[in-house]
Amino acid sequence: MFKEKLKTLSKQFNIPGDFHFAMPYGSGHINDTYAVDINQGGTDIRYIFQRINHNVFKQPEELMNNIMRVTEHITRKLDGIPDCTRHTLTVIRAKNGQPFVRDAESNYWRVYVFVEKALSYDVIENEQQAYEAAHAFGEFQKDLVDLPAPRLFETIPNFHNTPWRYEMLEQAIAEDKAGRAASCRKEIEFALARKADASLLVNLQKNGELPERITHNDTKLNNVLIDNVTGQGICVIDLDTVMPGLIHYDFGDMVRTSTSPAKEDEKDLSKVSMQFNMFEALLRGYLKSAGEFLTPMEKHYLPFSGKLITLEIGVRFLTDYLSGDVYFKVHREGHNLDRCRTQFKLVQSIEEQYEQMMKLLESI
Ligand SMILES: Nc1ncnc2c1ncn2[C@@H]1O[C@H](COP(=O)(O)OP(=O)(O)O)[C@@H](O)[C@H]1O
Ligand SMILES: [Mg+2]
């Protein structure tokens, strides 16, 4: 029973008071998240308890070390700001001083201060939310620009190594393990026609023209807590994938996940498009905060990043389809191919509006 389990765990963390109540919380897909009420001084205080998914994150201790460095750095910057524990995650240490507890089954558990009076949203509803989310992720990157060395640990190596994703695709085409290559000729052609795009940013990084930064790498709307009263994006959460990278990975994934009204696996491709007003909201929100530290070169490639990251994810879906659905969970025949098609449709839509996107960038 999870309540007994959480009660036992709660005693191992540096939390005064008595366990009162626990329930599964939120709609995350990676970790197991619970809201836990602890009675302190006669009133219930909520905490977030999370079991880290160690199938995805193979080195939870290094991961927690990243999160400690990042959250403590941001906390220092917030010193003196009212409600500062609502503007960054705050890790509660275990009684033994570690930022996690291991249970009898070798799972890793961590605890955060619960950010009250704010919620995360799974589906983007309007431009204001796009603006607020982008602003919050820009602020997060900005706060971490001066994180002291050493380099953060790479929790998922090669996460946005697009040229490597292409190598994987070409290998999957050559092997054609599931005998599906004939059924997706058009998609293969679409991907290969854009192969040169894949290495553009990494090459600029190699030449020293784009700097390595600290990036979030999972910049979906539901990883920002939005204040219930002001509607502002107040706290960036879900820090498991925070690691060194290009800022374009974050901005590009915002464009991918927030500008199309269709679901990732929509079959009716006429519903998939890059809505310009949403792109504009993202760009304005992001530049409002990140604009302070970005180089002209970094800014120049923001519109391109939306195309690149969408292409990259499309390539990954296509690779998995060709390999017989080994990585992404599928719930129907051709599921990965459907996902690939929505991504490529979105890439096409971005290409069609590219000139306008660049004009907007110049005007801001
Ligand atoms: N400190 C927190 N305060 C309030 N709600 C939180 C907090 N941390 C996480 N949540 C909620 O729990 C959900 C899942 O957490 P998240 O860290 O994003 O897990 P996952 O990696 O599974 O997506 C979030 O979408 C959010 O609604
Ligand atoms: Mg999440």
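Leaving aside its neighbours within four places in sequence, with which residues is Ala130 in contact? In this predicted model, the contacts of Ala130 are Ile124, Ser258, Met278, Ala281, Leu282 and Gly285.

## Overall architecture

The chain contains 13 helices and eleven strands. Its radius of gyration is 21 Å, close to the 21 Å given by the globule rule for 364 residues, so the chain is as compact as a globular protein of that length. Along the principal axes, the C-alpha trace spans about 65 × 50 × 40 Å.

Of the 364 residues, 42% count as buried. Among contacts with a separation of 6 or more, 72% come from residues 24 or more positions apart.

## Domains and their contact

Two domains divide the chain: domain 1 covers 2–116 and domain 2 covers 127–363. Their C-alpha centres lie 29 Å apart. To the contact between them, domain 1 contributes 16 residues and domain 2 contributes 14 residues. The side of domain 1 that touches domain 2 comprises seven nonpolar, five polar and four charged residues.

## The nonpolar core

In soluble globular proteins, nonpolar side chains tend to be buried together. In this chain the largest nonpolar core has 89 residues. Those with the most contacts inside it are Phe49, Ala130, Ala133, Ala134, Phe137, Leu282 and Leu318. The greatest contribution to this core comes from helix H11 (residues 302–322), which supplies ten residues. At least three residues of the core are drawn from each of domain 1 (2–116) and domain 2 (127–363).

Ala130 and Leu282, both listed among the residues with the most contacts inside the core, are also in contact with each other.

## Strand S1 and Asp18

Asp18 belongs to strand S1 (residues 18–24). With 13 other C-beta atoms within 10 Å, Asp18 is classed as partly exposed. Not counting residues up to four places away in sequence, Asp18 touches Ile38 and Asn39. Val145 is 127 residues from Asp18 along the chain, and the C-alpha atoms of the two are separated by 40 Å.

## Backbone features in loops

The peptide bond that joins Ala149 and Pro150 is cis, with omega about 0°. Pro150 is placed in the loop between helix H3 (127–143) and helix H4 (162–175). Asn158 also lies in the loop between H3 and H4. Although Asn158 is not a glycine, its phi is positive, at about 65°. Asn158 counts as exposed, because it has 11 C-beta neighbours inside 10 Å.

A positive phi also occurs at Ser106, where the angle is about 70° although the residue is not a glycine. Ser106 is located in the loop between strand S5 (101–102) and strand S6 (108–113). Because Ser106 has 7 C-beta neighbours inside 10 Å, Ser106 counts as exposed.

Conventions: Residues are numbered from 1 along each chain as its sequence is written. Chains are lettered from A and ligands numbered from 1 in the order in which they are written. This is a predicted model: local features need pLDDT of at least 70, side-chain atom pairs count only at pLDDT 80 or more; totals for chains, interfaces and linings use all residues. Domain bounds come from an automatic or database domain assignment. Two residues are in contact if their C-beta atoms, placed from the backbone, lie within 7 Å. Ala, Val, Leu, Ile, Met, Phe, Trp, Tyr, Cys and Pro count as nonpolar, Asp, Glu, Lys and Arg as charged, and the others, Gly among them, as polar. Helices (H or I, at least four residues) and strands (E, at least two) are DSSP runs, numbered from the N terminus. The radius of gyration is taken over C-alpha atoms; the globule rule is 2.2 Å times the number of residues to the power 0.38. A residue is buried if 20 or more other C-beta atoms lie within 10 Å of its own, exposed if 12 or fewer, and partly exposed in between; C-beta atoms are placed from the backbone. A nonpolar core is a set of buried Ala, Val, Leu, Ile, Met, Phe, Trp, Tyr and Cys residues joined through C-beta atoms within 7 Å.
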